[in-house]
Amino acid sequence: AADPARVLPAIVLGGIVGNVVGFMFHVINHAPWGGWIVLPVVDGKIGYIIGTLAGALTTALTVILLKKNVLDEEQEAALARAYHAMEGEGEAEILAVTSCPSGVAHTFLAAKSLEKAAYTMGVKIKVETQGANGINNRLTDKDIQHARLVIFAHDVAIKEPERFKGLTVIDVPTRDAILNPRAVLYSRK
């Protein structure tokens with residue numbers, strides 16, 4: 001349930017394989033449910049057992065192929081602990097403002113994606129989020145004076161854009177900042 005995008009396709013594929021094997025062996029299940037507990041009312045018991053084993057094996061192998069390795073998740077968690085929102089004034093070379101219509105999901109996903117990509121690229125970034133709960137991590141005058149560039153990753157109008165007059169502005173939808181933040185940051189050159 002925690003990972004339906006990977007688990008559900010594996011279950012569907014396993015179910016297809018198990019049912020195809022059952023059809024090949026002309027299996028008929030007279031009970032309105034499954035599992036080996038219904039074997040007494042199944043015609044083609046051997047085919048039924050082979051089908052359930054083939055389906056279960058297919059599901060397991062598909063999940064293994066689709067799921068991340070535990071090591072990958074641990075590395076990702078370590079990286080997430082290593083980068084964080086820059087708090088100091090005037091330290092960032094790049095500023096960003098993220099905002100979406102609801103001011104919740106995409107606003108913060110875009111902010112985290114940009115921060116993570118900047119960290120891996122060795123770039124100092126400070127991100128302001130404009131969301132449902134107002135402006136968080138507000139970019140100050142000192143931040144703006146020391147920055148070379150500002151990224152607007154938004155799907156709705158940015159509040160107070162006049163603060164960034166004189167800076168180079170990259171304007172992208174939040175989708176670009178979420179899905180390909182490195183490309184957004186590389187466009188700064």
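Which helices each supply at least two residues of the lining of the largest pocket? The answer is α1 and α2.

## Model and confidence

This is a predicted model. The protein chain has an average pLDDT of 87. A score of at least 70 is reached by 88% of the residues.

## The largest pocket

The largest pocket has a volume of about 190 Å³. Its lining includes the glycines Gly15, Gly18, Gly22, Gly47 and Gly51. Asn19, Phe23, Val27, Asn29, Tyr48 and Thr52 also line this pocket.

Helix α1 gives the most to the lining, with five residues. Helix α2 supplies at least two.

## The nonpolar patch

The surface also carries a nonpolar patch of about 750 Å². Val12, Leu13, Ile16, Val20, Met24, Phe25, Ile46 and Ile50 make this patch.

Two helices each supply at least two of the patch residues: α1, spanning 4-24, and α2, spanning 45-66. The largest share comes from α1, with five residues.

## A closer look at Leu13

Leu13 is one of the patch residues. Its place is in helix α1. Is Leu13 buried, exposed or partly exposed? Leu13 counts as partly exposed because its relative accessibility is 39%, and partly exposed covers the range between under 20% for buried and over 50% for exposed.

How values were computed. Residues numbered from 1 in each chain as written. Predicted model: local features only at pLDDT ≥ 70, side-chain atom pairs only at ≥ 80, totals over all residues. Heavy atoms only, no water. Patch = residues over 30% accessible without salt bridge, like charges linked within 9 Å, V, L, I, M, F, W, Y side chains within 5 Å. Areas by Shrake-Rupley, 256 points an atom, 1.4 Å probe, with all protein chains shown as cover. Salt bridge = Lys/Arg side-chain N within 4 Å of Asp/Glu carboxyl O. Helix = DSSP H or I, 4+ residues; strand = E, 2+ residues; numbered from the N terminus. Buried < 20%, exposed > 50% of the residue type's maximum accessible area, 1.4 Å probe, protein only. pLDDT = per-residue confidence, 0-100. 1 Å grid on protein atoms, 1.4 Å probe; cavity = no way out; pocket = protein on both sides within 12 Å on 5 of 7 lines; lining within 4 Å. Points joined across faces, edges and corners; volume = space filled by probe spheres on them.
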